[in-house]
Amino acid sequence: MKKEPYLTIETQAELDAYCHDIIHNPEIDWIAIDTEFIRVDTYFPELSLVQIQDCLGQAALIDPIAIMQNATASNNKPDELIGQTPLSSLVDLLTDPNTLKVFHSARQDIEVLYQLANKMPASIFDTQLAALFFKHGEMAGFARVIEAELGHLLDKSQTRTNWHSRPLTQQQIEYALDDVRFLSPLYQKFIHTLTPEQRKALTEDCQALLDETLYKPNPSKAGDKIKGTQSLKPKQLAIVERLATWREHFAITENQPKKWVMSDEVIIDIAKRPPQTLEALYKVPLIKASSVKLYGAQWIKQIDDVFAQAPETWPQLPAKKPALNLQQSAVVDFCFSYAQQVSLEYGLNIQSLIHKDDIQRLMCDPYQPVLKGWRQLLIGQPLQALLQGKQAIKFHNSVLLLHPL
């Protein structure tokens with residue numbers, strides 16, 4: 001691929017003009033966009049670069065660090081820039097509903113871009129999700145998809161580079177720009193190959209990525225993200241919730257990775273055998289003595305507060321589901337076998353595709369979809385047709401296939 005000249009944007013005036021031109025150019029209806037950011041010792045990701053290539057082929061390297069530094073250093077802004085935040089025009093572009101933003105693995109980019117103004121982008125397309133339909137598997141890396149679809153081997157040497165360093169090397173710049181230079185033709189290939197049904201499913205999946213709750217910190221729900229709680233009792237779950245909420249508040253306030261002060265494993269161990277004294281905390285496996293010294297008294301208070309609560313205020317265990325009879329179990333296992341065949345064909349983890357609980361709900365009402373987006377198209381619809389008696393499974397060339405009745 002011939003590498004065309006690119007724009008370097010390092011001032012607010014340059015960014016404002018660039019974003020204005022894209023938004024108001026009727027020939028530009030989509031852009032490929034990628035970001036580079038640092039998230040090593042902070043709670044919030046810190047934006048380092050934004051790379052964009054518009055549908056006409058013009059690439060741009062936006063340097064938010066330089067823009068912020070230049071805005072701070074400049075005491076004589078033009079009248080039209082007074083009152084604007086340095087990156088507000090980029091937010092305007094991201095939130096413009098008439099300009100489609102093409103990402104690969106959009107969730108990480110959206111997370112860092114959301115921090116600019118706590119506003120969600122509008123109108124996105126994620127080529128990583130689209131790659132599912134081309135059998136690249138879930139969470140397909142950009143370089144692997146580009147090699148398979150476009151036959152180009154991307155340079156990976158800058159994967160762990162320090163994107164906050166300045167000046168950027170030419171190798172860093174080319175590496176960053178390649179992410180949008182090749183994202184553009186990948187999107188064009190995908191969008192012209194996908195069926196209308198696949199595009200509709202991807203629209204639903206991309207819209208789901210624009211749910212603000214995915215990116216807005218919510219300490220009260222922090223306990224929901226901790227794994228390994230299935231076997232815990234209500235009191236233990238209450239301790240997990242209290243400690244996870246404390247940790248989230250602390251991490252946000254100090255802008256530190258939340259696991260620095262207390263890991264998930266430590267929270268689970270404390271919940272299983274709650275220490276009643278500061279000294280007892282030191283005996284918890286994997287706990288940091290320095291953290292106990294600084295914050296142990298606060299943790300003990302969280303535990304004491306749980307013990308002081310009425311048991312009915314603790315999280316309640318979900319009601320046990322009625323056991324399936326032998327016939328129902330046979331149907332669920334039969335459907336799950338076909339789901340496993342689909343997961344093999346598309347390179348997916350079966351648990352990412354469908355759960356047996358989903359199949360059980362479909363079995364109870366095969367006319368009511370229980371999945372959405374690409375999952376509904378790949379497995380939901382076929383299982384509905386199977387359970388409605390419209391299709392059957394046959395064994396052909398060592399593969400399970402659906403065929404109409």
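Q: What should I keep in mind about numbering and confidence?
A: Residues are counted from 1 along each chain as its sequence is written, and side-chain values use heavy atoms, with hydrogens and water left out. Because the model is predicted, local features need pLDDT of at least 70 and side-chain atom pairs count only at pLDDT 80 or more, while totals for chains, interfaces and linings use all residues.

Q: Is strand 2 enclosed or open?
A: Strands (E, at least two residues) and helices (H or I, at least four) are DSSP runs numbered from the N terminus. Buried means under 20% relative accessible area, exposed over 50%, and partly exposed in between, with a 1.4 Å probe and protein chains only. Strand 2 covers residues 30-38, and eight of its nine residues are buried, so the strand is largely enclosed by the rest of the structure.

Q: Which strands pair with strand 2, and in what sense?
A: Two strands pair if DSSP finds at least two bridges between them. With strand 3 (residues 46-54), strand 2 pairs in the antiparallel sense over eight bridges; here Ile33 stands opposite Ile52. With strand 5 (residues 100-103), the sense is parallel, over three bridges, and Ile31 stands opposite Lys101.

Q: Where does Thr99 lie, and what does Thr99 touch?
A: Thr99 lies in the loop between helix 3 (88-94) and strand 5. At 1% relative accessibility, Thr99 counts as buried. Contact means heavy atoms within 4.5 Å; not counting residues up to four places away in sequence, Thr99 touches several residues, including Trp30, Ile31 and Leu93. A polar contact is a pair of N or O atoms within 3.5 Å; within protein, one must be able to donate a hydrogen and the other to accept it, and residues adjacent in sequence count only if both atoms are side-chain atoms. The side chains of Thr99 and Asp96 make one at 2.6 Å.

Q: How many residues does the largest nonpolar core have?
A: A nonpolar core is a set of buried Ala, Val, Leu, Ile, Met, Phe, Trp, Tyr and Cys residues joined through side-chain atoms within 4.5 Å. The largest has 77 residues, and Ile52 is among those with the most contacts inside it. Helix 14 (residues 326-346) gives the most to this core, with seven residues. Apart from it lies another core of 28 residues, Tyr295 among them.

Q: How is a pair of aromatic rings described?
A: By the distance of the centres and the angle of the planes. Rings of Phe, Tyr and Trp (its six-membered ring) pair if their centres lie within 6.5 Å; planes under 30 degrees apart count as stacked, over 60 as edge-to-face and the rest as tilted. The structure holds 10 aromatic pairs. In one of them, Trp246 and Trp299 are edge-to-face, at 5.8 Å centre to centre and 85° between the planes. Trp246 is in helix 10 (residues 234-254) and Trp299 in helix 13 (residues 289-308), so this pair ties together parts 53 residues apart in sequence. Phe250 and Tyr295 also form an edge-to-face pair, with 4.8 Å centre to centre and 65° between the planes. Both Phe250 and Tyr295 are buried. Ring pairs link Trp246, Phe250, Tyr295 and Trp299 into a cluster.
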